[in-house]
Amino acid sequence: DKEDDIKVGVKSTALMFQEQTKLWLSGFTVAMMSGLVVAGVNNEQTLPYYAALSAVAVHLARQIYTVDINKAEDCWKQFSSNRNLGLLLFLGIVAGNLLKESKHNGSTKINETVCTKHI
């Protein structure tokens with residue numbers, strides 16, 4: 001918390017950002033979400049992945065909107081809820097890859113059937 005940072009002399013981001021903390025957190029969220037979207041596009045991700053990203057974005061937006069940056073307990077509560085955010089993102093990646101794999105296997109079977117019939 002900020003008071004402890006001041007007592008010990010730590011130069012934390014909480015002290016540096018001060019009252020603009022929510023603005024900085026919003027910027028970090030946009031950067032992270034953009035990176036995750038680009039990663040999904042580059043890996044040809046499917047709907048479950050993007051649905052998870054949407055839920056992650058809503059979770060982070062709610063956190064930023066509701067957190068009281070001057071209450072250490074509230075900051076800790078919001079921070080510790082990010083365990084759920086990581087789990088949600090992980091499940092989106094797994095589900096997206098499973099759907100991608102099933103689509104890939106389905107199209108391979110169709111292509112094999114078409115090729116076999118023409119031979």
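W76 and F79 both belong to helix α5, where they stand three residues apart, about one turn of the helix. Helices are DSSP runs of H or I with at least four residues, strands are runs of E with at least two, and both are numbered from the N terminus. This is a predicted model, in which local features need pLDDT of at least 70 and side-chain atom pairs count only at pLDDT 80 or more, while totals for chains, interfaces and linings use all residues. Residues are numbered from 1 along each chain as its sequence is written, and side-chain values use heavy atoms, with hydrogens and water left out.

Both W76 and F79 are exposed. Exposed means over 50% relative accessible area, buried means under 20%, and partly exposed lies in between, for a 1.4 Å probe and protein chains only.

## Aromatic pairs

The structure holds five aromatic pairs. Rings of Phe, Tyr and Trp (its six-membered ring) pair if their centres lie within 6.5 Å; planes under 30 degrees apart count as stacked, over 60 as edge-to-face and the rest as tilted. In Y49 and Y50, the ring centres are 5.2 Å apart and the planes stand at 80°, so this pair is edge-to-face. W76 and F79 form a tilted pair, with 5.5 Å from centre to centre and 35° between the planes.

Y49 counts as buried because its relative accessibility is 4%, whereas Y50, at 25% relative accessibility, counts as partly exposed.

## Overall fold

The secondary structure of the protein comes to six helices and zero strands. Along the sequence, the pattern reads α-α-α-α-α-α.

Of the 119 residues in the protein, 24% are buried. Contact here means heavy atoms within 4.5 Å. Among the contacts in the protein with a separation of 6 or more, 57% come from residues 24 or more positions apart.

## Helices α3 and α4

Two packed helices are described by the angle between their axes and the distance between the axes. The axes of helix α3 (residues 21-42) and helix α4 (residues 47-66) come within 10 Å and cross at roughly 175°. Such axes are lines fitted to C-alpha atoms, for helices over the stretch in contact, and the angles run from 0 to 180 degrees between N-to-C directions. Helices α3 and α4 are therefore roughly antiparallel to each other. Angles over 145 degrees count as roughly antiparallel, under 35 as roughly parallel, 65 to 115 as roughly perpendicular and the rest as oblique.

The residues that make this contact include L25, M32, L36 and V41 of α3, together with Y49, Y50, L53 and I64 of α4. By class, the contact of α3 with α4 has 15 nonpolar, three polar and one charged residue. Ala, Val, Leu, Ile, Met, Phe, Trp, Tyr, Cys and Pro count as nonpolar, Asp, Glu, Lys and Arg as charged, and the others, Gly among them, as polar.

## The annotated span

For residues 23-41, an unreviewed UniProt entry lists a "transmembrane region". UniProt positions are given in the numbering used here, feature names are shortened, and annotations may be inferred rather than shown by experiment. In the model, the span of residues 23-41 is 100% helix and 0% strand, and its end C-alpha atoms lie 27 Å apart.

T21 is found in helix α3 and counts as buried, at 11% relative accessibility. Leaving aside neighbours within four places in sequence, T21 is in contact with A14 and I69. T21 and I69 are 48 residues apart along the chain, yet their C-alpha atoms are separated by 7.6 Å.

## Helices α4 and α5

The axes of α4 and helix α5 (residues 72-80) come within 11 Å and cross at roughly 180°. That makes α4 roughly antiparallel to α5. R62, Q63 and T66 in α4 meet D74, Q78 and F79 in α5. This contact of α4 with α5 consists of one nonpolar, three polar and two charged residues.

## Two loop residues with positive phi

Q18 is not a glycine, although its phi is positive, at about 50°. Q18 is found in the loop between α2 (13-17) and α3, and is partly exposed, with a relative accessible area of 38%.

E44, also a residue other than glycine, has a positive phi near 50°. E44 lies in the loop between α3 and α4 and counts as exposed, at 62% relative accessibility.
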